[in-house]
Amino acid sequence: VELADSDRKSLLIFSGGQTRYEAGPRSEAQSYWMIADHFKWWFRTNVKLRATTEEFARDSFENLLFGICRFKECVGKYPEQITVVSWAFKRGRFELHRQAIRFPKNKFVFEGINNPVDLEGAIKGEEKNGIGPFSEDPYGSTDPLASKRKKRNPFNRQHGYTISCPELRDLLNYPGPDIYKGNLPWL
């Protein structure tokens with residue numbers, strides 16, 4: 001919210017799907033939006049008018065790619081620059097994602113904030129369940145990442161980004177593992 005407040009031309013997108021059955025049909029993105037709203041946007045109420053949710057992402061790769069799609073749906077064009085805010089220890093993972101979608105490095109900012117209490121455990125988990133698997137499977141198309149995505153979609157939600165972002169249809173359906181070589185609107 002603070003970063004979006006500092007750039008009046010930005011769009012804040014909270015990304016994350018309905019990933020947990022026990023939470024009911026409430027998305028991660030809705031939860032973040034509701035927290036910001038509960039705290040009255042930390043007195044940066046102008047950001048509320050430039051904030052939206054992306055409700056289908058099941059992992060960090062989809063947070064990035066689907067966030068781009070949601071931006072296009074809201075603004076009518078693809079973003080010129082992206083700032084990702086996440087746990088600081090996930091910087092390497094998001095760099096892999098940026099490379100997988102071939103988004104220009106000079107137009108991509110990772111803003112790492114905080115770390116979990118058990119940083120050592122989080123880093124071990126990141127190697128096993130995050131950066132490790134995404135290094136071998138950049139698009140998350142095979143196990144273990146594909147199984148994790150399936151498990152994180154207990155309500156069987158399906159995005160419509162192949163319709164709203166037809167220029168990205170091939171990328172959205174691309175299985176990898178080689179880096180996608182097709183045309184992309186930001187190149």
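Reader: In which loop does tryptophan 42 lie?

Author: In this predicted model, tryptophan 42 lies in the loop between helix 2 and strand 2. Helix 2 spans residues 28–38, and strand 2 spans residues 51–54. The backbone of tryptophan 42 deserves attention: its phi is near 50 degrees, a positive value in a residue other than glycine. As a general rule, most residues other than glycine have a negative phi. With a relative accessible area of 38%, tryptophan 42 is partly exposed, because that class covers values between 20% and 50%.

Lysine 40 belongs to the loop between helix 2 and strand 2 as well. Lysine 40 is not a glycine, yet its phi is positive, at about 50 degrees. Its relative accessibility is 55%, and lysine 40 therefore counts as exposed, the cut-off being over 50%.

Backbone features of another kind occur elsewhere in the chain. In general, most peptide bonds are trans. Aspartate 143 and proline 144, however, are joined by a cis peptide bond, with omega at about 15 degrees. Proline 144 is placed in the loop between helix 6, residues 131–136, and helix 7, residues 145–151. A cis peptide bond also links glycine 176 to proline 177, and here omega is about 5 degrees. Proline 177 is found in the segment that comes after helix 9, which covers residues 169–172.

To return to the part in question, the loop between helix 2 and strand 2 holds lysine 40 and tryptophan 42; phi is positive in lysine 40 and in tryptophan 42.

Terms used. Residues numbered from 1 in each chain as written. Predicted model: local features only at pLDDT ≥ 70, side-chain atom pairs only at ≥ 80, totals over all residues. Heavy atoms only, no water. Helix = DSSP H or I, 4+ residues; strand = E, 2+ residues; numbered from the N terminus. Buried < 20%, exposed > 50% of the residue type's maximum accessible area, 1.4 Å probe, protein only.
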